[in-house]
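Please open the structure in your viewer and keep the selection tool at hand.

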Amino acid sequence: YMGNYKNFRQHLYRFLKDDFKNNKIRFIAETIGLIFGLSATSILALTMPEPNLLAAYVMWEISAVCLIYGAWSRGSTGLLLLYSCYFVIDAFGLARLLEFI
């Protein structure tokens with residue numbers, strides 16, 4: 001069991017190291033996207049029952065843009081479509097929040 005965990009850790013470390021080495025900008029963009037996405041969701045959870053939706057939506061949009069770039073640069077059609085949908089859905093929610101629509 002511990003051997004599998006150690007192998008997984010080594011593989012993950014090697015993957016992250018190689019990914020950073022191959023495309024630093026993408027690695028940083030995806031890291032920012034991950035941090036902003038998780039932070040937005042955490043803000044939502046921590047500020048219930050009156051969530052700070054403005055902060056969450058802005059952070060989700062930043063996250064989506066970063067992850068769209070990452071998916072595009074990897075050539076991942078599925079993730080590109082998924083993150084693009086998140087961007088559009090969150091843009092709609094943000095526009096409604098700000099009473100633009």
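Predicted model: local features only at pLDDT ≥ 70, side-chain atom pairs only at ≥ 80, totals over all residues.

**First stop: two helices**

Select residues 53-74, which form helix α3, and residues 77-97, which form helix α4. Two packed helices are described by the angle between their axes and the distance between the axes. Here the angle is about 160°, and the axes are 9 Å apart. Because angles over 145 degrees count as roughly antiparallel, α3 is roughly antiparallel to α4. The crossing of the two helices, α3 and α4, is left-handed.

**Second stop: the contact**

Which residues of α3 meet α4? On the α3 side, select L53, L54, Y57, W60, E61, A64, V65, L67, I68, A71 and W72. Their partners in α4 include L79, L80, Y83, F87, D90 and L97. Sorted by class, this contact of α3 with α4 comprises 18 nonpolar, 2 polar and 2 charged residues.

The model has 4 aromatic pairs. Select F20 and F27, one of these pairs: their arrangement is edge-to-face, at 5.3 Å centre to centre and with 80° between the planes. F20 counts as partly exposed because its relative accessibility is 35%.

Because Y57 and W60 are 3 residues apart in helix α3, about one helical turn separates them. Are these two residues, Y57 and W60, buried or exposed? Both Y57 and W60 are buried.

Notes. Residues numbered from 1 in each chain as written. Heavy atoms only, no water. Axes fitted to C-alpha atoms, helices over the stretch in contact; angles between N-to-C directions. Helix = DSSP H or I, 4+ residues; strand = E, 2+ residues; numbered from the N terminus. Parallel < 35°, antiparallel > 145°, perpendicular 65-115°, else oblique. Left-handed = near helix turned anticlockwise from the far one by under 90°. Contact = heavy atoms within 4.5 Å. Nonpolar A, V, L, I, M, F, W, Y, C, P; charged D, E, K, R; others polar. Phe/Tyr/Trp six-rings, centres within 6.5 Å; stacked < 30°, edge-to-face > 60°. Buried < 20%, exposed > 50% of the residue type's maximum accessible area, 1.4 Å probe, protein only.
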